Amino acid sequence: MAFVKNIFLFIPTLLMTSPLLFSCAQNDPNVSYLKILNSEDYIADGMTEAFEKKMLNEGQRVKVIYETFDTMENMFNTLKTGKTKYDLVCASDYMVQKLVNLDLLEKINHSNIPNYETNASNFIRERLKSITWGNGFNLDDYSACYTWGTFGILYNPKFYLFADRKISEETVHADMKTFSSLWNSRYLKTVSVKDSMRDTYAIGLIHTNSDFFKDESKTTEERQAVFNYGGEDDDKAQEHINAVKDDLLKLRDNIFGFEVDSGKEDIVTGKIGIDTAWSGDAVKAINNAEEEKNLMLYYSIPEEGSNLWFDCWTMQKGANEELVYKFLDFISEPTNAIDNMDAIGYTSAIVGAKGDNTIYDYYSNKYKSDSLENSIEYDTSYFFNDGQKLYIDEKYRERQAAAQFPAKDKSSSLMIMKDYGNNNDLILKMWEEVKHEALPTWAITLFIVEIAIIATAATVIITLRIRNKNRRKERKIRSA
């Protein structure tokens, strides 16, 4: 018992000294340190250790300190305080804009990342360059793209409530070609949408302006402008935000609920039939549903178009530039990009140098058909630097392949949502109003009745106590 007691007495001392010991470990003059901040579950197991081993084989002892965050906003708040410094941070496109505006990032010299220079998709690089803001900033100057994808609708056409409501599978497939179906009462309480201000606001924008987005004559620039309604470049921002808010309030009344990360599991387990999802999560859910439940889920990029997003590696001010560039070069090798894609489900920006079919063969083998009659052409020529098209099993077309990367005929309808800039507070206020669910009339009435009962009971108790107290006083007077 004395030994156990001594152990517990020692624990506080150990907890106080452990940061000091960890700090001392980081100051080992024989070791170079690389501190990375990334989203949870967003890299293949063993990837950082493999980098350390590679560096050791090259004669340099390197230790990667790898930390994670749950949301981009929490990560932003951490970096903004300046209390914790990192060398590399993975951030979404709009968040990179925020970090640049706060002067927290160094420009990326891509010539120091030869694997990225030769292996990254030209399509991705050009789209990054097109994201401009401020004083001539563009996303490509400050980042190396890690993954990219879309935001769409993940759905189960055989969901039991659809069958109960006599909604055919064909009808579900047709309806999921538009975001507006999420507002349709036939899907009441079967839909989950993201508890994400940006993504759900984007859905609202598309729905509010659905006639515009369905008009194929609109140019990319025109579509992009409307998709950024509410931003600081919008002269009628408040008007547009209010219109979207009204539509999102109607959507809120129709859905099963908001979710952060549970949607991809809830649709597999049968809690919901429809989920708005990021493409990588859709891939995971589709694979899990097929393997665990023999259930076929589908992914749709609606005909109005949707959000095209990028998650990028950024270099912080004061970073260990030598190790930053070596790590980025390491994960830009096609084999490492494949390991990451297999682990996280999201599509890498790496496609391989011209003439290198490593990534192309990976996709070809993943989605190939065993029979020629089921094999179809899936046009991915915009994505691969050699302009290759995939030939896949038809069953993958509206499922994993659609989620992994959109077909060429969809790529032109994908839009990039910039940071809201000075209008962030306007969007946030709108989102808080959408998320705040007013109590129904019956609940308010019940609450008032309960308060009245409690107040009456309290009055009765107080009255009885006063009466009893007065009676005791009277008895004392009489006895005296």
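The model is predicted, so local features need pLDDT of at least 70, side-chain atom pairs count only at pLDDT 80 or more, and totals for chains, interfaces and linings use all residues. Residues are numbered from 1 along each chain as its sequence is written, and side-chain values use heavy atoms, with hydrogens and water left out.

Start with the nonpolar core. Such a core is a set of buried Ala, Val, Leu, Ile, Met, Phe, Trp, Tyr and Cys residues joined through side-chain atoms within 4.5 Å. Buried means under 20% relative accessible area, exposed means over 50%, and partly exposed lies in between (1.4 Å probe, protein chains only). The largest core has 98 residues. Phe310, Tyr363 and Phe383 touch the most other members. Helix α15 (residues 321–331) supplies the largest share of this core, seven residues. Helices (H or I, at least four residues) and strands (E, at least two) are DSSP runs, numbered from the N terminus.

Look at Phe310 next. Contact means heavy atoms within 4.5 Å. Leaving out residues up to four places away in sequence, Phe310 touches a list that includes Ala91, Ile124, Leu128, Trp148 and Ile416. There is also a second, separate core of 36 residues. Among its members are Trp183, Tyr201, Ile203 and Leu251.

Now the rings. Rings of Phe, Tyr and Trp (its six-membered ring) pair if their centres lie within 6.5 Å; planes under 30 degrees apart count as stacked, over 60 as edge-to-face and the rest as tilted. By this rule there are 29 aromatic pairs. Take Phe123 and Tyr382. Their ring centres are 4.9 Å apart and their planes stand at 80°, so the pair is edge-to-face. Phe123 lies in helix α6 (residues 122–130) and Tyr382 in the loop between β14 (375–378) and β15 (390–393), so the pair ties together parts that are 259 residues apart in sequence. Both Phe123 and Tyr382 are buried.

Tyr360 and Phe384 make another pair. Their centres are 5.5 Å apart and their planes are at 85°, so this pair is edge-to-face. Tyr360 sits in helix α17 (residues 358–367) and Phe384 in the loop between β14 and β15, so the pair ties together parts 24 residues apart in sequence. Both Tyr360 and Phe384 are buried. One aromatic cluster includes Phe123, Tyr382, Tyr360 and Phe384, along with Trp148 and Phe405.

Charges can meet rings too. A charge sits over a ring if NZ of Lys or CZ of Arg is within 6 Å of the ring centre and within 35 degrees of the ring normal. Lys35 lies over the face of Tyr86, 5.0 Å from the ring centre. The charged end of Lys435 sits over the ring of Phe258, 5.5 Å from its centre.

Finally, some single residues. Asp41 has a phi near 55°, a positive value in a residue other than glycine. Asp41 is in the loop between β1 (32–39) and α2 (47–57). With a relative accessible area of 64%, Asp41 is exposed. Asp103 has a positive phi of about 60°, although it is not a glycine. Its place is the loop between α4 (93–101) and β4 (105–106). Asp103 is exposed, at 51% relative accessible area. Gly257 lies in strand β9 (residues 257–259). Gly257 counts as buried, at 18% relative accessibility. Neighbours within four places in sequence aside, Gly257 is in contact with Val191, Ser192 and Val193.
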